[in-house]
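Me: I'm new to reading protein structures, and I'd like to go through one with you step by step. Could you show it first?

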Amino acid sequence: MARLEIKDLKLSFGSVEVLRGVNLHVPDRTITALMGPSGSGKSTILRVINRLIELYPEARVKGDVLLDGRSIFEMDVVELRKRVQMIFQIPNPIPNMSIFENVALGLKLNRLVNNKKELFQRVKEALEKAQLWEEVKDRL
Ligand SMILES: Nc1ncnc2c1ncn2[C@@H]1O[C@H](COP(=O)(O)OP(=O)(O)O)[C@@H](O)[C@H]1O
Ligand SMILES: [Mg+2]
């Protein structure tokens with residue numbers, strides 16, 4: 001069974017048809033690349049599969065997307081987005097929140113740390129892995 005299956009996906013923004021019946025099987029434990037010219041609908045497909053497209057009032061979606069055999073449109077959207085994430089070309093830190101708080105958010109929401117010391121350590125590690133620690137350590 002495909003991990004992710006897109007079935008006859010159609011999408012229009014207002015009267016402009018952007019996706020005209022897309023079918024795709026994404027097998028488990030693979031890296032799959034969508035390739036195509038600029039404007040062909042790659043980012044739009046990605047926005048459909050974690051339902052970010054619902055934030056665009058003019059977008060009309062038809063067809064189905066199954067994750068492990070279940071329609072994503074019948075799932076709790078927060079649970080879906082914990083499993084299907086989109087990493088943007090341009091980073092989107094949450095405004096009015098410090099660098100530290102931005103990095104710590106996921107750990108806090110999911111209660112993955114026990115105390116402040118551990119939280120600081122995990123945030124530092126994440127920033128080091130992203131080669132950002134030296135640049136931001138004095139303005140966390
Ligand atoms: N919010 C929107 N409103 C109207 N048209 C849009 C919107 N977002 C994308 N489009 C149009 O949908 C098409 C596909 O865009 P996109 O998915 O960003 O393509 P790609 O990622 O392959 O470059 C383009 O013609 C683009 O202009
Ligand atoms: Mg794109």
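Predicted model: local features only at pLDDT ≥ 70, side-chain atom pairs only at ≥ 80, totals over all residues.

**Around the ligand**

Me: Which residue has a polar side-chain atom 2.8 Å from an oxygen atom of ligand 1?
Reply: A polar contact needs a pair of N or O atoms within 3.5 Å. Gly-41 has one through its backbone, where an N or O atom lies 3.0 Å from a ligand oxygen atom. The side-chain contact at 2.8 Å belongs to Ser-43.

Me: What share of the area of ligand 1 does the protein bury?
Reply: We start from the ligand taken alone, which exposes 560 Å². Of that area, the protein buries 63%.

**Inside the fold**

Me: Is Thr-44 buried or exposed?
Reply: Beyond its sequence neighbours, Thr-44 touches Leu-11, Phe-13, Val-18, Leu-19 and Ile-53. Its relative accessibility is 9%, and the limit is under 20%, so Thr-44 counts as buried.

Me: What is the relative accessibility of Leu-11, and where is this residue?
Reply: Leu-11 sits in strand S1, residues 4-13. Leaving aside neighbours within four places in sequence, its contacts include Val-16, Val-48, Arg-60 and Val-61, as well as Thr-44. Leu-11 counts as buried, and its relative accessibility is 2%.

Me: How far apart in space are Leu-11 and Val-22?
Reply: Along the sequence, eleven residues separate Leu-11 and Val-22. Going from C-alpha to C-alpha, the distance in space is 9.4 Å.

Me: Which backbone oxygen does the side chain of Asn-50 reach?
Reply: Asn-50 is in the loop between H1 and strand S3, which covers 59-67. This residue is buried, with a relative accessible area of 5%. Among the residues it touches are Leu-80, Arg-81, Gln-85 and Met-86. At 3.4 Å, its side chain reaches the backbone oxygen of Val-84.

Me: Which residues is Val-84 in contact with, leaving aside its neighbours within four places in sequence?
Reply: Val-84 is found in the loop between helix H2 (77-83) and helix H3 (99-109). Its relative accessible area is 12%, which is under 20%, so Val-84 is buried. Its contacts are Ile-49, Asn-50 and Leu-67.

**Backbone angles and domains**

Me: Which phi value does Arg-51 have?
Reply: Arg-51 lies in the loop between H1 and S3 and counts as buried at 10% relative accessibility. Although Arg-51 is not a glycine, its phi is positive, at about 65°.

Me: And Gln-131, is that residue buried or exposed?
Reply: Gln-131 also has a positive phi without being a glycine, at about 60°. We find Gln-131 in the loop between helix H4 (116-129) and helix H5 (133-136). Its relative accessible area is 68%, and the limit is over 50%, so Gln-131 is exposed.

Me: What distance separates the centres of domain 1 and domain 2?
Reply: The domain assignment gives domain 1 as 4-83 and domain 2 as 99-136. With centres taken over C-alpha atoms, the separation is 31 Å.

Key
Residues numbered from 1 in each chain as written. Chains lettered and ligands numbered in written order. Heavy atoms only, no water. Polar contact = N/O pair within 3.5 Å; in protein donor to acceptor, adjacent residues only side chain to side chain. Areas by Shrake-Rupley, 256 points an atom, 1.4 Å probe, with all protein chains shown as cover. Domains from an automatic or database assignment. Helix = DSSP H or I, 4+ residues; strand = E, 2+ residues; numbered from the N terminus. Buried < 20%, exposed > 50% of the residue type's maximum accessible area, 1.4 Å probe, protein only. Contact = heavy atoms within 4.5 Å.
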